[in-house]
Each structure stands twice: as C-alpha cells, then as structure tokens.
Amino acid sequence: MTIPFFYCRHLLSRCSRLLLYQRLSLAFSTAPASNSVRSSINRHENALEAVSFNLLFLSCARTGLVKPLHALLLVSGRADDVILATKLINLYADTNDMASSRHAFDRIPEKNLFSWSTMISGYAKNSLHREAVDCFYDLISSTALHPDSFTLLCILKCCEGLMDGTKFHCWVLKLGFENDFSIGGSLIRMYTKFGVVNDACTIFQQMPVRDLAAWNAMLSAFCRNAKPVEALAVLQEMLLEGVKMDDATVSSVLSLCAPMNNLCLGRLMHVYATKSGLVWDVCVSNALISMYEKLDCIWDARQIFDSMMHRDLVTWNTIITAYKQNNDPLTALSLFTEMKEIGIQFDVPILVNLASLVAQSGDVDSARSVHGFVLRREWILEDDFTGSAILDMYAKLGRSNYAKYVFDGMTAQDVISWSALITGFAQTGLADEAIELFRTMAQSDVLIDDRAFVSVLPAISSVRALREGVTIHGKTVRLGLQSNVFLGTCLVDMYAKCGRIDEAMHIFEEIPGRNTFMWNAIISAHGINGKSDKAFVLFQEMQEEGIKPDQVTYVCLLSACSRAGLVDEGHNFFSRMKKDHGIEPNLKHYACMVDLLSRAGHLDAAFDFIRDMPLSPDANVWSSLLRACTVHKNVNMKSFISDDLLQI
C-alpha cells in the first residue's frame with residue numbers, strides 16, 4: 001500500500017524530531033537527568049526504531065522528498081546500509097538525478113552485486129550508456145563479484161559499439177547464461193542494432209527455448225535489415241510452433257508490407273489485429289496507418305485514424321505524413337489545426353512535417369508563421385534539425401534569401417543544413433551559387449557524405465559542368481559510396497545530360513539493388529541522347545527484373561518517343577500505361593504526347609488531342625504545341641494558342 005504524499009511528509013518531519021531526541025539523549029547520557037525526561041527520550045527512541053524506511057522509500061517517489069529521505073539516512077547513520085543505499089540509488093535513478101545516485105553509490109563501503117547492478121540499471125534507464133559500460137568494467141575489474149543475468153540484461157542494452165557487444169557476449173558464455181532465453185533475445189537485439197544479422201540468427205537457432213520476445217527480436221532483426229523473405233520464414237516457423245502473435249509481431253510484419261508491395265499481407269494482418277483485439281493498441285494502429293499510407297491507400301489509413309480511441313504524437317505525425325505524401329497538403333494542414341485545437345503539445349518531428357507541408361502548399365505567409373513559432377520556442381538554437389527544416393521550407397518556396405538568413409543564424413552548420421541550402425539554390429535555378437556553396441562546404445570542417453553530393457549534382461547537371469561532376473564522382477569512389485543507389489541515380493543523370501551515355505551506363509551496371517528511380521534515370525538518359533531503341537530494351541529488362549514501372553517511367557518513355565519522332569510507339573506506351581500497370585495519365589504524360597505529335601508535324605492531331613483531354617491543359621501542354629506552330633509556321637493556330645496560354 002502506498003502512503004499518501006501528505007503523510008509521507010509527516011513521517012519525515014516526525015523522523016527529524018526523533019533524531020533531535022537522539023541528540024538530546026547523547027547529551028543527557030553524561031549528565032544527570034530527571035526520570036520524566038529520560039522516560040520521554042526512551043519513548044521517542046523506540047518510535048524511531050518503529051519507523052519503517054521501506055514505507056518511506058515507497059512513498060517518496062517525488063523528487064522533492066528524495067533528498068530529505070537521503071538526509072534522514074545520513075544523520076541516522078543508516079546511509080552506509082547496503083540495502084537502504086541501493087534503494088536510494090534506484091530512487092534517484094527514477095527521478096533522473098544520476099549525480100546524486102552515483103554519490104549514494106560511492107558512499108557504500110562494501111558494495112554487493114545488487115548495488116552494482118542497480119547502478120548500471122540506473123545509467124541504462126537514463127540512456128547514459130557510456131557510464132553504464134564503464135561501471136560494468138569497474139565491477140569486473142575491481143571486485144571478485146560475477147555479473148548475474150540481470151546485470152548482463154542491463155549492460156547489453158547499453159552497447160555503443162560492436163566491440164563492447166562482443167565482449168559482453170563473451171561474458172555471457174563464460175558465466176553460462178547462453179541458454180537463458182531473455183539474454184538470448186537481448187543478444188539478438190544487440191547484434192541487430194549493429195547490422196550483424198548472421199550472428200543474431202546463429203544465436204536464435206542455438207536457443208533451446210524461445211519465448212515470444214526472442215521470436216519478435218529475430219523477426220525485427222530481418223525487418224530492420226531489409227530481409228523480408230527471411231522475416232516471413234521466421235513468422236511461418238513461429239506460427240507452426242503454435243506461438244501467437246502479439247502487438248510487436250504484428251507491427252514488425254506490417255513494416256514489411258510496403259517494401260514488398262504486398263497489400264494482401266497487410267490486410268491479412270489487419271484482420272488478425274481486429275479479431276485478436278490488437279487493433280486497439282496504439283503502436284499497431286500507427287503501423288497500420290503507416291502501411292496503408294505507403295501503399296497509397298489513404299482512405300484505409302484515415303478509417304483507422306478515425307476509429308482510434310487514443311492517439312499519440314506518432315499517430316498524428318503518421319496521418320499528416322500520409323496526406324503529405326499523397327499531395328494533399330490542405331487536408332494535412334487541417335489535421336494539424338485540429339491537433340492544435342484539442343491541446344496536443346507537438347514536438348520537433350511534427351514541426352518538421354508542418355514546414356514541409358507549408359512548402360508543398362506554396363503559402364509564404366504560413367511559412368513565416370511557422371518560422372516565428374519555432375523562433376519563439378528557440379528550437380532552431382537547440383536543434384539544428386529544426387533549423388534545416390525551416391531552411392528547406394524557404395528554399396522550396398523559392399525564398400533563397402530567407403533560407404540563407406536561417407542558415408547563417410544556426411549555431412552548428414552540419415551536412416544536413418548545408419545540403420538543404422545547396423538543394424534550395426539548385427531548385428530555384430541558382431545552379432552556380434549552389435556549386436559555389438558546395439565548394440565552400442568542402443573547404444570547411446563539415447564531414448561530407450552522400451547527402452551533400454546528392455544535393456549538388458542536380459545543379460551540376462543543369463549547367464552541364466562535366467569537370468565538376470567528374471571530380472565529385474571521384475570523391476564518391478574514394479569515400480566508398482559507389483554502391484549508393486540514390487547517389488548513383490544522380491551520377492547517371494549528370495553524365496547523361498553531359499552527353500556521356502557510356503559513363504552513365506557503366507555506373508548503372510555497377511550498382512547492386514537497382515530500384516525504380518535508377519531504372520528511370522537510365523531510361524531517361526538514353527532517351528535524351530537519342531537512343532530510343534536502347535531505352536525500350538531497358539524498359540523490358542526492368543520489367544523482367546520484377547521492377548514495377550511508375551508514372552515517371554512512362555514520362556521517360558514518351559519523351560524518348562518524342563525526341564525520336566516515334567508516333568506509333570508513343571501511342572502504344574500511352575495506352576499501355578493504364579492497361580498494363582493501372583497508371584492514370586497526368587498532365588506530364590499529356591504534355592509528352594502533345595510534344596510528340598507536334599514535333600512530328602501533326603498539329604491538328606495535337607490540337608484535337610488537347611481538346612479531348614479529361615484534364616484541363618496547363619501551360620506546359622499548350623507551350624509544346626505553340627513551339628511546333630512556330631517551327632511549322634502555322635500562324636492562325638499560333639495566334640489562337642497564344643490567347644489560351646496568356647489566360648492560363
């Protein structure tokens with residue numbers, strides 16, 4: 001039973017008075033005193049012994065009462081008691097006061113294993129991993145005590161490197177805890193953390209008894225390291241052994257659905273979560289929303305969101321991200337407004353999401369409001385990630401001067417902020433300025449990584465700065481980044497726009513795990529260099545490798561047809577995109593078709609094609625036909641198109 005707060009204070013006050021009587025007792029012990037005084041002192045001494053320190057520890061969980069309790073232990077001479085001192089260490093750790101916790105620990109004259117383990121556990125609970133590891137090494141080097149399973153479980157959570165993890169694994173083997181399924185699960189999670197999945201799998205296979213935590217740890221290991229086939233094999237084996245899935249299992253499997261493009265599996269897990277009642281778990285609901293969002297099922301994601309009885313910050317962030325990814329910034333902003341109205345205190349990730357939404361909506365006034373809000377909370381000074389988000393927001397809105405102002409005011413300009421600023425200048429047509437910024441960054445103390453190269457390569461491509469591009473390519477090779485898919489995609493695009501199709505093809509062939517973006521880049525590369533036949537062959541190879549074409553793929557193919565004047569092939573691809581892959585044509589596809597017909601001199605057909613479009617033509621669609629009218633000297637149509645174009 002927990003003692004009420006007010007009574008706990010009363011007990012501490014009472015104990016203080018009893019200690020005063022003890023002092024008086026010492027004073028009277030060397031001098032004569034009346035029988036009544038001695039009787040009073042004896043009664044209070046007995047009361048002091050009756051006070052239960054255990055009850056005080058149970059009741060003093062608030063920070064304001066921990067230090068008085070500590071003082072009481074000190075003046076009563078009980079601070080050296082290993083049991084009470086260990087409880088005090090744990091109490092300080094629960095209130096995030098690790099300095100006082102360490103002070104109490106250091107005062108213990110003869111520490112036992114329980115006190116050492118409590119100190120290590122306190123560091124672990126407060127994410128002071130280095131201190132926990134140092135404390136563990138002190139235990140094994142300065143005492144004759146041997147860590148037990150609790151100590152090892154605590155320290156395995158604190159590994160900051162694979163070397164420490166391997167040493168702790170050796171201690172597990174040395175002390176004979178390799179068959180403890182709790183420690184086995186912790187070892188699996190530790191090796192997974194550092195990407196050593198093979199060792200984690202070996203431990204899992206050697207475990208004589210596997211509890212649900214061990215199964216979940218192995219499943220999560222494969223999920224986090226992009227091994228969906230192995231993860232599903234573990235899931236199948238787990239179900240065959242009769243182990244039921246819990247919320248962690250369902251969340252892990254749901255994270256596989258989007259990378260595998262397996263909506264069917266996601267819906268099956270949704271059905272299981274509903275039947276088992278796990279759908280009411282916030283983590284499972286968040287995983288379902290994320291899964292449906294990544295598979296472009298925004299309606300299903302919203303249905304789950306609306307049915308949730310409790311929503312946390314992750315829930316709101318996930319649903320807002322869902323609408324942002326589906327190009328619906330207005331709905332996402334309305335959700336943010338609703339979130340603010342019901343009093344939810346949002347954090348930095350939500351603000352980062354909001355900055356991206358404002359940039360997507362193109363609202364400069366809202367951008368200033370977001371910036372002002374962040375400045376009032378001083379988040380830019382405390383968190384450079386927030387500053388980079390505000391910087392990126394202004395850059396995407398074409399306000400490069402504001403972006404530079406935010407950048408100059410940041411306390412620490414890391415590679416993320418530099419990359420965001422370079423990207424902003426490149427996207428607003430200031431390619432030379434972007435390249436110069438990259439040179440300045442290269443001369444600073446900032447550690448350049450793949451993000452910086454990806455940010456500057458589009459600027460190099462736009463101005464055809466081949467020498468600069470080759471230099472950056474060389475740097476990526478020296479840094480061992482040649483297998484990075486996103487960086488490789490940018491390099492392919494750069495070499496293609498500089499007319500070096502052979503170098504682009506060489507990079508493409510050398511990169512493993514090519515995704516849709518990479519295939520689109522190489523198809524586009526051949527298209528813009530007049531090699532349409534090779535582009536069509538690559539499109540066929542792409543499908544044979546199981547890569548599903550997207551909207552950009554067909555834009556690249558139609559552009560290749562347009563440059564080569566292949567009208568029939570263009571019509572064929574335009575009809576196949578919906579028939580074969582269910583892709584609805586957008587304005588970019590229609591603009592490509594108009595450009596194809598116009599370049600081939602079929603101006604009337606192009607004009608009729610525009611009139612029959614189910615979408616309202618934009619400036620790009622009309623501009624393609626207008627350029628063709630100029631080339632083919634069709635003055636009447638040019639005059640008519642100019643009027644429509646001016647209205648747009």
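An unreviewed UniProt entry places the feature "repeat: PPR" at residues 112-147, 211-245, 312-346, 414-448, 515-549 and 550-585; such annotations may be inferred rather than shown by experiment. The model is predicted, with local features needing pLDDT of at least 70 and side-chain atom pairs counting only at pLDDT 80 or more, while totals for chains, interfaces and linings use all residues. Residues are numbered from 1 along each chain as its sequence is written, and side-chain values use heavy atoms, with hydrogens and water left out.

Residues 112-147 are 75% helix and 0% strand, and the end C-alpha atoms of this span lie 11 Å apart. For residues 414-448 the content is 74% helix and 0% strand, with end C-alpha atoms 9 Å apart. Helices (H or I, at least four residues) and strands (E, at least two) are DSSP runs, numbered from the N terminus.

Thr151 is placed in helix α9 (residues 149-156). Thr151 has a relative accessible area of 0% and is therefore buried (under 20%). Beyond its neighbours within four places in sequence, Thr151 is in contact (heavy atoms within 4.5 Å) with Leu113, Ser117, Ile120, Phe136 and Leu139.

The structure holds 1 cavity of 30 Å³ or more. A cavity is a set of points, on a 1 Å grid over the protein atoms alone, where a 1.4 Å probe fits but cannot get out; lining residues have an atom within 4 Å of a point. The largest cavity contains about 40 Å³ of space, the volume being that filled by probe spheres set on the points. Its lining comprises His70, Leu73, Ala79, Ala85, Leu88, Ala104 and Arg107, and α4 (63-75) and α5 (82-94) each supply at least two of the lining residues.

Definitions and conventions:
1 Å grid on protein atoms, 1.4 Å probe; cavity = no way out; pocket = protein on both sides within 12 Å on 5 of 7 lines; lining within 4 Å. Buried < 20%, exposed > 50% of the residue type's maximum accessible area, 1.4 Å probe, protein only.
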